[in-house]
Amino acid sequence: MNEMVQNPPLVAGTRATRQRAAREAAATPGADRVRVNDPDRTMANILQVATAEFADKGLAGARIDEIAALTSSSKRMIYYYFGSKEGLYVAVLEDAYRRIRRIESELHLEDLAPEQALRTLVGFTVDYQLANPDFIRLVMNENMHRGEYITQSATIQELNIPVIHAVRDVYQRGVAAGVFRPDVDPVDLHMSISALCFFNVANRHTFGAIFKRSLDTPAATAQRRESIIEMIVRFLRP
């Protein structure tokens, strides 16, 4: 019942691979016409490359010139669409949260029994964050800025409302069914799920080096995934 939820990485491959793909896309015949006639595609391409740059180098280290070169656009075009480097950074954060929340909304947790819905949500979160380390790096970078830019975005605040509603609904249905204890705050529950899944990606290299464990093998990944799910489920049991 705990099959891994398969979700392809939003920005797949190594940084070099992503950069090469961006160059090839920009070099496609008619690319200039596309940039003029398809602003949505242009913005999506800029966001994809900027996601990798900000995740890899942070807000301070990323360079608009580099992002422009990798997308065969220009600083002027990027500023036209996003206003400033900080505006592009906020747009990248919004896009990152929009993607994960959109997929969460497609899990149809309301159609599952409470415990299975919880297992599905936690398993998805583990899988998604493992498949999208750039999301983790962006969140880590923004925490280094003490949430300065996330607080400027009403979009991010709104994007995160549905996930809390989903967690609350699953939890309250579980309490009503007698399978979850009635003294847990849904926001705290969401934080606990996020913390376990986040650490699983953010600290795997240091943890693996210190304790001499390979955490990237399929067996290790599956075992850790199951452990995280069980910890959350057992935490909620009466």
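**Notes on an all-helix model**

1. **Layout.** From the N terminus on, the elements of the protein chain run α-α-α-α-α-α-α-α-α-α-α-α-α. That is 13 helices and 0 strands. Helices (H or I, at least four residues) and strands (E, at least two) are DSSP runs, numbered from the N terminus.

2. **Ground rules.** This is a predicted model, where local features need pLDDT of at least 70 and side-chain atom pairs count only at pLDDT 80 or more, while totals for chains, interfaces and linings use all residues. Residues are numbered from 1 along each chain as its sequence is written, and side-chain values use heavy atoms, with hydrogens and water left out.

3. The protein chain has 238 residues, and 43% of them count as buried. Buried means under 20% relative accessible area, exposed means over 50%, and partly exposed is in between (1.4 Å probe, protein chains only). Now take contacts, meaning heavy atoms within 4.5 Å. Among those between residues at least 6 apart in sequence, 73% join residues at least 24 apart.

4. **The core.** In soluble globular proteins, nonpolar side chains tend to be buried together. Here the largest nonpolar core has 55 residues. Such a core is a set of buried Ala, Val, Leu, Ile, Met, Phe, Trp, Tyr and Cys residues joined through side-chain atoms within 4.5 Å. Those with the most contacts inside the largest core are F54, I67, I78, L88, L118, V122 and L189. Helix 6 gives the most to this core, with 10 residues. Look at I78 as an example. Leaving aside neighbours within four places in sequence, I78 touches I46, I64, I67, A68, S73, G83 and L88.

5. **The largest pocket.** Its volume is about 680 Å³. The search uses a 1 Å grid over the protein atoms alone; a pocket is an open set of points where a 1.4 Å probe fits, with protein on both sides within 12 Å along at least five of seven lines. Grid points are joined across faces, edges and corners, and a volume is the space filled by probe spheres set on the points. Lining residues have an atom within 4 Å of a point. There are 28 of them in the largest pocket, and the closest to its centre are Y97, R101, N160, H190 and S194.

6. **Who lines the largest pocket?** Helix 6 (85-105), helix 7 (114-131), helix 8 (133-144), helix 9 (154-159), helix 10 (161-177) and helix 11 (186-202) each supply at least two residues. Helix 11 gives the most, with 7 residues. By class, the lining has 16 nonpolar, 9 polar and 3 charged residues. Ala, Val, Leu, Ile, Met, Phe, Trp, Tyr, Cys and Pro count as nonpolar, Asp, Glu, Lys and Arg as charged, and the others, Gly among them, as polar.

7. **The second largest pocket.** This one holds about 350 Å³ of space. Of its 14 lining residues, the closest to the centre are N200, R213, L215, A220 and R224. Helix 11, helix 12 (204-211) and helix 13 (218-236) each give two or more residues. Helix 13 gives the most, with 5 residues. The class count for this lining is 5 nonpolar, 6 polar and 3 charged.

8. **Helix 13.** At 1.5 Å a residue, its 19 residues should span 27 Å; the end C-alpha atoms are 28 Å apart, which agrees. The expected span is 1.5 Å times one less than the number of residues. Buried residues of helix 13 include A220, I228, I232 and L236. Among the elements that cover its buried residues are helix 7, helix 10 and helix 11.

9. **Helix 8.** The 12 residues of helix 8 should span 16 Å, and its end C-alpha atoms are 17 Å apart, which agrees. In helix 8, D134, F135, I136, L138, V139, N141 and E142 are buried.

10. **Two positive phi values.** Most residues other than glycine have a negative phi. H108 has a positive phi near 55°. H108 sits in the loop between helix 6 and helix 7, and is partly exposed at 43% relative accessible area. R146 has a positive phi near 60°. R146 lies in the loop between helix 8 and helix 9, and counts as exposed at 79% relative accessibility.

11. Is P238 buried or exposed? P238 is exposed, with a relative accessible area of 73%. P238 is in the segment after helix 13. Leaving aside neighbours within four places in sequence, P238 is in contact with G178, V179, F180 and R181.
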